[in-house]
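Hi,

Here is the structure I promised to pass on. My notes on its aromatic rings follow below.

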Amino acid sequence: MMILPVFVYGSPVLRKVAAEVPQDYPGLEEFIEDLFETMYHSDGIGLAAPQVGKSLRIFVVDGSPLEEDEPSLIDFKKAFINPEILSYEGEIITYNEGCLSIPDIREDVDRESAVRIRYCDKNFNYREEFYEGIAARIIQHEYDHLEGRLFTDLISPLKKRLLKRKLTSISKGKIDVKYRIKHA
Ligand code: NI
């Protein structure tokens, strides 16, 4: 297993629409393990392939660190391959988000409270599931990475202006983080 460097804000790969993963993608199993390993190393609860420089439609999650807030998250640990959000449901709620690609910045983001998602599991079996609460939040955040979207795209223009200098520093790699990063 390998801990991979995390591409940060300003890296072009974070802005691409990621490609579907073919079933025979070489080294898929190892790559998924590397994603988990990299996520754990950087204390994340979700990590998408573009964040390690691979423009592929895969993300991994492990919500168990937030188990105290939501006990069901103890079992929310899996890889989502070629996911498709079938519907956004529930009501709009605000939740404070962060991102390993945007270190040291957290902002309140509005999103739907539930999603229905179809994806392939690591054995390439199709699954369709419904999530709400923090799991739905993590899924929407990670799914956005596959569409080239970042949570800073969803905040108000005023808030974004206030973050501009910090985001510029991040894009130049001028930031102190405990995990290995890569910048454009
Ligand atoms: Ni993120």
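Rings of Phe, Tyr and Trp (its six-membered ring) pair here if their centres lie within 6.5 Å; planes under 30 degrees apart count as stacked, over 60 as edge-to-face and the rest as tilted. This is a predicted model, where local features need pLDDT of at least 70 and side-chain atom pairs count only at pLDDT 80 or more, while totals for chains, interfaces and linings use all residues. Residues are numbered from 1 along each chain as its sequence is written, and side-chain values use heavy atoms, leaving out hydrogens and water.

Searching the whole structure gives 6 aromatic pairs. With ring centres 4.8 Å apart and planes at 25°, Phe59 and Phe80 are a stacked pair. Phe59 belongs to strand E3 (residues 58–62) and Phe80 to strand E4 (residues 77–97), so their pair ties together parts 21 residues apart in sequence; strands are DSSP runs (E, at least two residues), numbered from the N terminus.

Phe80 also pairs edge-to-face with Tyr131, at 6.3 Å centre to centre and 70° between the planes. Because Tyr131 lies in strand E6 (residues 126–132) and Phe80 in strand E4, this pair links parts 51 residues apart in sequence.

Phe80 has 0% relative accessibility and therefore counts as buried (under 20% relative accessible area, with a 1.4 Å probe and protein chains only). Tyr131, at 12%, counts as buried too.

Phe59, Phe80 and Tyr131 are among the members of one aromatic cluster, which also includes Phe76 and Tyr119.

Happy browsing!

Notes:
Helices (H or I, at least four residues) and strands (E, at least two) are DSSP runs, numbered from the N terminus. Buried means under 20% relative accessible area, exposed over 50%, partly exposed in between (1.4 Å probe, protein chains only).
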